[in-house]
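Student: Could you walk me through this one while I have it open? I'd like to go through it piece by piece.

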Amino acid sequence: MNAQVTTPSAMLFSPFQLRGVTFPNRIVIAPMQMYMTGPDGLMTDWHFQHLAKYAVGGAGTVMTEALIVDPIGRNTYGDAGIWSDDHIGPLARVAEFLSRHGAVPAAQLHHAGPKSSRQRPWEGLGPLGEAEAARGEAPWQPVSSSASRTIAGWHQPRAMSTDEIKRLVEAYGEGAKRVHRAGYDVLDVHAAHGYLLHSFLSPVANTRTDEYGGDIAGRMRIALEIAESIRAHWPADKPLLFRLSCVDWRKDLDDRTDGWTIEDSFVLSRELNKRGVDMIDCSSGGIRAENSLMDYAKKRQKLTRGFQVPHAEAIRRETGIPTMAVGVILDGPQAEAILQKGQADLIAIGREALTDPHWGLHAAQALGIDPDWRQWPPSYGWWLELRERIGIAD
Ligand SMILES: Cc1cc2nc3c(=O)[nH]c(=O)nc-3n(C[C@H](O)[C@H](O)[C@H](O)COP(=O)(O)O)c2cc1C
């Protein structure tokens, strides 16, 4: 009798197509700001090694950290920029390496809005003050949808004028053009986590009475204009993603009814999709101090595996638009289950990739599809396979 030989396979390692781009597998390295540039916003060797290693480590797509479209929208003096042509060179060096090693180069555009002018996380994450000014990092007044603080103790922002909004919409288009020139194939717009675009979307922050405030149509207007501006500059064969805080949360993770809701995300996703946005990158929260990581740490509240996956699932189901899931997705089997259940199309990995740059290669082994280390770079895999075959005695 012939034994049936089955080749193990996994959705996580199947390709995915959006427009003219084939994602070689479903693993995306999530955007992660390093706060490691100088005030010029130019990426350095630090950023190169940070991103390059993930292409070697099996991620199909590697996304840059948030790139700032206008210097007033920097979180910190260490943010990477895309506000000038000078930024293109170092970004191109990264993209070239990623492509050469089989990963799709992706980038994220960003403006921190009311969360601008702050200390790097490891310096306290608070607003810049006198101590920072004394060492050359003077605070500046952030801009936001409205002139109100969403988080007590932070700088008081001022509301953007309509002229400033128009210029910002153009700046996103210019940023997209530069990212394309730098060789990136996928673009994500950061509209989550309490930053500028989220401050327009959410009624928690947006108290404007002009055409950029009021009902959901007004609050969405800037995001939709930015999608149009980007699409005017970003090639038609390259995918465009938007990262949303799909819900604002309130006092606890079960209350999804206050502020921006999942139903609002359905409406926005459909409108973005009509304007050429191909995928929703599904995050949550950030507009209030409650439910921030600092708040979790204070309250000793634990994180929950895959806690944002239900948002990716709901948007995908309700709108038919592809989604990317992110947030405490820790290993290959968890990622595979999300895909198998139809909850998302791509899986973004953040902090777990910081602990394991070879996350993708380890996921393939955990799912049984790379038993003999063939997916590893041969200069690593040859040795590791041999060591495993020989075995190690205690
Ligand atoms: C060091 C670090 C920097 C981050 N920077 C960004 C960023 O630039 N843009 C963004 O949208 N999210 C940023 N995030 C959030 C991550 O993209 C991700 O959504 C979050 O960490 C949850 O995923 P995880 O549990 O896999 O880490 C950052 C997270 C970390 C840990």
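Student: What covers the buried residues of α9?

Tutor: The cover includes α7 (262–274), β10 (279–283), β11 (323–326) and α10 (332–340), where helices (H or I, at least four residues) and strands (E, at least two) are DSSP runs numbered from the N terminus, and two residues are in contact if their C-beta atoms, placed from the backbone, lie within 7 Å. This is a predicted model, in which local features need pLDDT of at least 70 and side-chain atom pairs count only at pLDDT 80 or more, while totals for chains, interfaces and linings use all residues. Residues are numbered from 1 along each chain as its sequence is written.

Student: And which residues of α9 are the buried ones?

Tutor: In helix α9 (residues 309–319) they are Val309, His311, Ala312, Ala314, Ile315 and Arg316; a residue is buried if 20 or more other C-beta atoms lie within 10 Å of its own, exposed if 12 or fewer, and partly exposed in between, with C-beta atoms placed from the backbone.

Student: How does α9 run relative to β11?

Tutor: Helix α9 lies across β10 and β11, and runs at about 170° to β11, with axes taken as lines fitted to C-alpha atoms, for helices over the stretch in contact, and angles running from 0 to 180 degrees between N-to-C directions. Just after α9, Gly320 takes a positive phi of about 75°.

Student: What do the strands form?

Tutor: Eight strands close into a barrel in the order β3-β4-β5-β8-β9-β10-β11-β12, with parallel pairing, and the twist from one strand to the next averages 25°. Two strands pair if DSSP finds at least two bridges between them; β11 and strand β12 (residues 346–349), for instance, run parallel and are joined by three bridges, and Met324 has Leu346 in β12 as its bridge partner.

Student: Switching topic, what is the phi of Ser117?

Tutor: Ser117 has a positive phi of about 65°, although it is not a glycine, and its place is in the loop between β5 (104–110) and α3 (130–134).

Student: Why does Ser117 count as buried?

Tutor: Ser117 counts as buried because it has 25 C-beta neighbours inside 10 Å. Trp373, in the loop between α12 (359–366) and α13 (378–390), has a positive phi of about 65° although it is not a glycine, and Trp373 counts as buried because it has 21 C-beta neighbours inside 10 Å.

Student: Then Ser161, buried or exposed?

Tutor: Ser161 is exposed, because 11 other C-beta atoms lie within 10 Å; Ser161 lies in the loop between β7 (158–159) and α4 (162–181).
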